[in-house]
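Let's take a walk through a protein model together. Have a look at the picture first, and then we will go through it step by step.

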Amino acid sequence: MTQTAQPAISVTIPGPATPYQGDIARYWDHEARPVNLRLGDVDGLYHHHYGIGAVDDSAFAGFQGGERETKLIAELHRLESAQADLLLDHLGPIRRDARLVDAGCGRGGSMVMAHHRFGCSVEGVTLSAKQAEFANRRARELDIDASVRAHVCNMLDMPFASGQAQASWNNESSMYVDLHDLFAEHARILAPGGRYVTITGCWNPVYGQPSKWVSQINAHFECNIHSRREYLRAMADNRFVPQAIIDLTPATLPYWELRATSSLTTGIEDAFLNSYRNGSFQYLLIAADRI
Ligand SMILES: C[S@@+](CC[C@H](N)C(=O)[O-])C[C@H]1O[C@@H](n2cnc3c(N)ncnc32)[C@H](O)[C@@H]1O
Ligand SMILES: CC(C)=CCC/C(C)=C/COP(=O)(O)OP(=O)(O)O
Ligand SMILES: [Mg+2]
């Protein structure tokens, strides 16, 4: 019997592109660590990244017990917001009619800060439906939901037209994806001359290979930390020319030293402290022009 050829049909399959992305979506759907929620409750900016800058001891020294802890938590949060501020500083001048893209937006703290600073629209993507709901609820509460939106989707295949974004970034979210695929997608959505910024933890090729502390961080977060060399190579291969490369390792150590003394430790503090101190891991900001 002869089989007639079936016409090709195109099917849209909802959900994660890979089983790994499904794992990561579940991870962030279920994440509710007090270190993130208590810090976010300080002023309603919910971050999933770490902090930079000198600790202001006077913010909590001289206080006792619960009051001291509350003030110490506010200090940790101030350092995390300072990190996002530094990233936004490197976006350059942004027009009010611009569109910005936050790839791996988490609960949206950086998006809110970007909108408040520039007055422009900010689109974010996350694999986690819970995080996107959280970010969109915060945007509604702040009455900025016409300009700040989180979408549940893959940062390697974003639902944005080509060449329309003035700037885009990854704030501690690039260790979940292949860097060549990532920068190809940023190069697609950015206008020529647009700016890309990342703050990331990367292993240091000068150390040789990922240290046991780096491997511990990977296991803790189910991520895959790349080397500094991989970032620069993948950028160069995808039309990105670095304008600034800043080693933020010395600037993030005080955050980790303070966090290790807090009531909100999660068990990963020593891995960060040891890997930063032995030179196997670096906290890096890279700002690049899309040519
Ligand atoms: C450590 S959190 C960082 C969140 C945010 N950038 C911040 O600074 O608060 C990592 C984020 O990356 C997102 N992510 C990981 N892989 C992704 C992918 N392939 N597509 C979209 N988002 C992804 C996660 O859903 C999560 O929101
Ligand atoms: C620098 C590196 C390697 C980051 C990995 C990505 C990551 C999980 C960032 C912090 O998220 P979080 O704020 O949810 O983590 P925590 O609960 O530890 O504060
Ligand atoms: Mg955190």
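Which helix gives the most to the shell around ligand 1? Helix 1 does, with three residues. Helices here are DSSP runs of H or I with at least four residues, strands are runs of E with at least two, and both are numbered from the N terminus.

Before going on, note that this is a predicted model, in which local features need pLDDT of at least 70 and side-chain atom pairs count only at pLDDT 80 or more, while totals for chains, interfaces and linings use all residues. Residues are numbered from 1 along each chain as its sequence is written, and chains are lettered from A and ligands numbered from 1 in the order in which they are written.

Back to ligand 1: it is surrounded by 24 residues (each with its C-beta atom, placed from the backbone, within 6 Å of the ligand). Gly104, Gly106, Asn171, Ser173 and Tyr176 are the closest. Helix 1 (19–29), helix 4 (109–118) and strand 2 (121–126) each give two or more residues to this shell.

Now turn to ligand 2, which has 14 residues around it. Arg33, His48, Glu172, Gly201 and Phe221 come nearest. Here helix 2 (34–40) and helix 7 (212–221) are the elements that give two or more residues.

Finally, step back to the whole chain, with its 10 helices and seven strands. Its C-alpha trace spans about 85 × 50 × 45 Å along the principal axes. Of its 291 residues, 41% count as buried (20 or more other C-beta atoms within 10 Å of the residue's own, with C-beta atoms placed from the backbone).

Key
Buried ≥ 20, exposed ≤ 12 C-beta atoms within 10 Å, placed from the backbone.
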